[in-house]
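I opened the model to see how the chain is put together. My notes follow in the order in which I looked things up.

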Amino acid sequence: MTTNATTLAVPDLCLVVLVGATGSGKSTFAARHFKPTETISSDFCRGLVSDDENDQSASKEAFEVLHYIVGKRLEAGRLTVVDATNVQPEARKQLVHIAREHDVLPVAVVLDVPEDVCAERNASRPDRAALSRRVIQRHQRELRRSLRHLEREGFRKVHHLRGVAQVESAEIVRERRFNDLRHLTGPFDIVGDIHGCRSELESLLTRLGYALQRDEAGRPVDAAHPEGRTAVFVGDLVDRGPDSPGVLRLVMGMVAAGHALCVPGNHENKLGRYLKGRQVNVAHGLAETVEQLEREDAAFHEKTREFIDSLVSHYVLDGGALVVCHAGLPEKYHGRTSGRVRSHALYGDSTGETDEFGLPVRYPWAEDYRGRAAVVYGHTPTPVATWLNNTICLDTGAVFGGKLTALRWPERELVDVAAEQVWYEPAKPLVSEAPGGAEGRPLDLSDVTGRRVVETRHLGNVAVKEENAAAALEVMSRFASDPRQLVYLPPTMSPCATSKEDGYLEHPKEAFAAYRAEGVARVICEEKHMGSRVVALVCRDGEVARERFGVPDGVPGALYTRTGRPFFDDAGLTRGVLHRLGLGIEGTGLWEQLDTDWLLLDAELMPWSLKAAGLLRHQYASVGAAARTVFPGALAALESAAARGVEVSALLDRQRERATDAAAFTEAYGRYCWPAGDRGEDGLDGIRLAPFQLLAAEGRNLALLPHDEQLAMVDRMVGEEGGRLLAPTRRLVVDTGDEASVAEGIRWWLELTAAGGEGMVVKPLGAHVRGEGGKLVQPGVKCRGREYLRIIYGPEYTRPENLAKLRIRHLGHKRSLALREYALGLEALDRLAAGEPLWRVHEAVFGVLALESEPVDPRL
């Protein structure tokens with residue numbers, strides 16, 4: 001218990017309970033040291049429920065309100081002060097319970113001032129002048145009885161201020177919680193469970209770039225990184241392995257030198273109790289550690305005991321973006337302090353069941369995790385470290401003959417070394433048991449039904465409405481490709497802002513201006529091919545396709561539409577396209593360059609008529625046919641009437657214009673239609689495929705590469721394949737701040753569209769770009785040609801009166817949709833590259849399809 005102290009240390013997140021008789025100065029003390037919003041007083045709550053702060057008959061309801069507000073503030077992670085007499089154990093018991101319920105420390109501040117002072121202060125207050133002296137005396141007696149029991153009641157700190165002078169001279173100092181290291185931003189190298197494998201730890205640290213330091217006996221006692229990186233150990237340093245003292249000596253040295261941080265594992269917790277002479281069961285590898293420690297002196301034993309005692313249950317690092325603990329930690333426990341938090345950090349949570357090996361069945365908390373902080377942990381051995389819901393288990397069973405694994409942060413790069421041998425036979429086979437293991441769990445309907453919130457790295461949480469999820473489920477369940485192959489869906493794309501140029505609805509000037517306003521200096525203009533969007537999953541051979549993605553034997557990948565449907569009904573056509581693509585990739589050496597056996601590409605397949613024959617026949621061709629049937633006769637009749645002197649010149653001019661527009665409409669869609677798909681040796685004559693982006697490879701999200709690098713690799717593929725199937729994508733880089741460069745971009749677009757091209761897509765050259773304030777910039781905007789837009793808006797859309805109406809179009813929803821789908825697409829690629837389970841990848845892919853059913857003008 002603190003005595004005669006004027007400096008009162010309180011954690012920056014805790015529940016401060018003021019204890020003192022009425023008139024002891026609690027409200028004045030709170031106002032002096034805490035924000036008005038931090039202090040909740042019983043008098044104020046009485047006033048809330050009865051309009052009279054002194055109405056003692058309202059105390060029950062007032063304290064219900066007080067407890068509710070206190071709970072909500074603690075839940076939100078706010079320091080909270082309770083201003084009430086709190087001299088009765090029952091009152092304090094409820095507050096201690098609330099603090100424990102929210103895993104914060106309760107702190108008592110006792111204002112112990114003389115009875116006469118309390119009486120004088122109450123007498124000076126009009127609302128308390130009639131207060132009986134006996135009330136003050138009762139409070140003083142209850143306070144005296146309470147003083148010796150406060151710590152036993154659960155208060156982790158008790159500050160006892162004796163007398164008015166000590167109360168008035170006191171100062172509050174807010175202490176950072178031991179687990180709050182948000183100010184440390186790394187970079188970090190987080191190391192999984194070591195279990196006495198000292199040699200493997202040396203190898204891993206060396207591979208990570210650390211320089212080992214040894215004592216006179218040649219034993220490693222420290223390791224420092226030349227670039228100032230910090231190692232973070234997730235616990236379970238000891239037991240089972242060949243040299244637990246060696247691991248302890250190295251890790252303790254690194255921590256003492258400031259080169260490492262360490263959290264305790266359940267094995268350190270048990271060893272610490274053993275070193276204190278407590279009764280423990282010497283099992284699960286502790287016997288080996290005890291035997292090894294017998295060769296060390298008493299000083300090492302004491303140093304180890306002190307080190308284990310100093311370890312904190314978990315750390316919150318890097319501005320709150322990273323949490324490191326031993327057995328995992330749900331978000332509600334991050335930065336909290338309680339026995340429950342420590343227990344979960346050390347042991348995790350179990351279902352209460354045991355498996356066939358007699359071991360507890362771990363509760364899969366990571367499957368439900370949706371927090372923003374990445375949680376890195378160990379404890380449960382798994383053959384492969386994989387991400388799951390922004391969590392990753394690094395215990396890859398080094399002591400069981402697996403690997404010792406580290407995670408580089410913030411790079412999110414895994415580094416591992418193989419175990420030198422099986423040091424300890426596991427109680428059960430080393431299988432993927434940790435959440436997010438190599439196989440993960442199967443797909444489940446509950447993953448996609450109802451309102452969903454998908455967490456993305458690039459745009460935070462993206463919500464999916466229940467009705468949109470239902471529409472996507474209909475498409476996915478009836479028409480979509482096998483989910484194992486459906487690992488990405490392309491996002492929708494917004495058009496550029498509406499043009500004010502005479503005769504144009506869309507014009508490059510607006511696209512360049514918009515990116516310039518976002519601070520994007522260089523953009524790339526890519527030719528927009530008029531075909532059907534196709535995602536191509538290309539594998540090096542059929543065996544890779546079968547083993548990695550479950551593709552049927554003999555097909556080296558998959559082709560599917562932007563809504564996830566197989567592109568061709570004919571497996572032979574699919575095989576032929578993928579074979580040609582594979583030839584292009586093989587000859588360029590991209591398999592070796594990217595260290596992968598598969599590639600995911602975004603492309604356009606032409607002609608448009610290959611996939612849109614029904615749409616052409618029933619919608620577009622019928623308009624053209626009607627025009628060709630009606631206008632010749634109508635024009636002939638009007639011309640005959642004009643020849644007879646009838647005044648029909650205005651009507652005749654209008655109908656001639658309409659006939660011209662109708663002919664332009666037919667010509668517009670006709671440019672994108674030609675015979676294809678049923679000729680040639682492999683049935684591919686007339687078919688053209690224009691890849692324009694590499695999306696992913698094994699272990700890599702390639703969509704984040706700059707677009708000029710992307711297209712350079714595509715050009716190599718096209719050149720190697722010989723251009724029989726693969727078509728290049730023409731492009732031009734524009735400097736948005738250079739008028740001449742912008743003019744050249746506009747000229748290029750005008751020439752492209754005049755020659756029959758659909759238009760272009762304008763993208764930031766750097767692919768994934770954030771503007772001022774960190775806001776995600778549109779990944780691309782389409783700028784479609786004047787004649788192509790006839791197909792979209794109808795033959796007569798260019799008439800001034802029609803353009804005036806069409807210029808009133810609302811792009812806000814379309815732009816929002818494009819960004820959300822883009823973020824979901826990137827998230828799917830990130831999860832795929834990280835080797836996360838299928839259900840995790842599918843969650844993001846399904847989200848893209850669901851958003852596609854949001855109501856938006858389809859012409860945009």
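**Whole chain.** I began with contacts, meaning heavy atoms within 4.5 Å. Among contacts in the chain between residues at least 6 apart in sequence, 72% join residues at least 24 apart. I noted that this is a predicted model, in which local features need pLDDT of at least 70 and side-chain atom pairs count only at pLDDT 80 or more, while totals for chains, interfaces and linings use all residues. Residues are numbered from 1 along each chain as its sequence is written, and side-chain values use heavy atoms, with hydrogens and water left out.

I then looked up the extent: the C-alpha trace spans about 120 × 75 × 50 Å along its principal axes. Of the 860 residues, 54% count as buried (buried is under 20% relative accessible area, exposed over 50%, partly exposed in between, with a 1.4 Å probe and protein chains only). The chain exposes about 37,100 Å², and carbon and sulfur atoms supply 50% of that area (Shrake-Rupley method, 1.4 Å probe; for residues, only the protein chains shown count as cover). I found 28 helices and 34 strands listed for the chain (DSSP runs numbered from the N terminus: helices are H or I with at least four residues, strands E with at least two).

I traced an open sheet of five strands in the order 13-12-9-21-22, with mixed pairing (two strands pair if DSSP finds at least two bridges between them). Its edge strands are strand 13 (260-262) and strand 22 (413-418), each pairing on one side only. On average, neighbouring strands here are turned by 20° against each other, direction ignored (axes are lines fitted to C-alpha atoms, for helices over the stretch in contact, and angles run from 0 to 180 degrees between N-to-C directions). Strand 9 (residues 188-191) pairs with strand 12 (residues 230-233) in the parallel sense over four bridges, and I see Phe188 opposite Thr230 in strand 12. Helix 9 (residues 198-207) packs on this sheet and touches strand 9, strand 12, strand 21 (403-409) and strand 22; its direction makes about 140° with that of strand 22.

I went on to another open sheet of five strands, ordered 28-27-29-30-31, where the pairing is antiparallel. Strand 28 (557-560) and strand 31 (700-701) each have a single partner strand, so one side of each is left without a neighbour in the sheet. Strand 27 (residues 532-539) and strand 29 (residues 598-606) pair over eight bridges in the antiparallel sense, and Leu537 stands opposite Leu600 in strand 29. Helix 18 (residues 542-549) packs on the sheet, touching strand 27, strand 28 and strand 29, with its direction at about 100° to that of strand 27. I also checked helix 19 (residues 571-588), which lies across strand 27, strand 28, strand 29 and strand 30 (688-697) and runs at about 65° to strand 27.

**Single residues.** Is His334 buried or exposed? His334 counts as buried because its relative accessibility is 15%. I located His334 in the loop between strand 15 (322-325) and helix 14 (339-347). Leaving aside neighbours within four places in sequence, its contacts include His314, Tyr369 and Val375.

I placed Ala30 in helix 1 (residues 26-33). Ala30 counts as buried, at 2% relative accessibility. Not counting residues up to four places away in sequence, Ala30 touches Leu18 and Thr39.
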